[in-house]
Amino acid sequence: MKGITFPKLDGSSLKIGIAVARWNEHITKKLLEGCKEVLLECNVLPENIIELETPGSYELPYAAQQLIKKRGVNAVVCLGTLIKGETMHFEYISQAVTQGIMDINLEHDAPVIFGILTCLTEEQAMARATGDNNHGFGWGKSAVEMALIGK
């Protein structure tokens, strides 16, 4: 992993939620694949990886909250992709999702990982969702590490 190192993580006792947006699905699916791959490498049991899809990134904080409250997960990874367009929409959604995820982090006893790509171009997003630079890997490991802190 470029830029960060992780200790050896054993997530065998954890239940991890992944809330993933379908908007920009060709990118978010790659993030999801990377995230799930690393959760399995960290010994999270397949049946303890709970996925929940949302229409877009704006809905991710609510999905994270429901995964914590109703599914009893130890951590949630929110996966989405926001790409700057010609209007202010990008800025409004980015700010709302960021604040929503932070609010869920502080309101509940389970960490919520900010796995939202906020890029200027689709090419930038793809570069961060594929190959060895797939950010889903780091976000999955972050979820396990943070969940273990709370155990």
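The buried residues of α1 are covered by elements including β1 (16-21), β2 (49-54), β3 (75-83), β4 (112-119), α4 (122-127) and α5 (135-149). Helices (H or I, at least four residues) and strands (E, at least two) are DSSP runs, numbered from the N terminus. This is a predicted model, in which local features need pLDDT of at least 70, side-chain atom pairs count only at pLDDT 80 or more, and totals for chains, interfaces and linings use all residues. Residues are numbered from 1 along each chain as its sequence is written, and side-chain values use heavy atoms, with hydrogens and water left out.

Which residues of α1 are buried? They are Ile27, Thr28, Leu31, Leu32, Gly34, Cys35, Val38 and Leu39, where buried means under 20% relative accessible area and exposed over 50% (1.4 Å probe, protein chains only). These residues lie on the same side of α1 because they cover an arc of only 165° around the axis, taken from the directions from the helix axis to the C-beta atoms. Glu33 and Glu41, on the other side of α1, are exposed. After α1 comes Asn43, with a positive phi near 70°.

The largest pocket holds about 250 Å³ of space. A pocket is an open set of points on a 1 Å grid over the protein atoms alone, where a 1.4 Å probe fits, with protein on both sides within 12 Å along at least five of seven lines; lining residues have an atom within 4 Å of a point. A volume is the space filled by probe spheres set on the points, which are joined across faces, edges and corners. Of the 16 lining residues, Trp23, Thr81, Leu82, His89 and Ile93 lie nearest the centre of the largest pocket.

Technical notes. Contact means heavy atoms within 4.5 Å.
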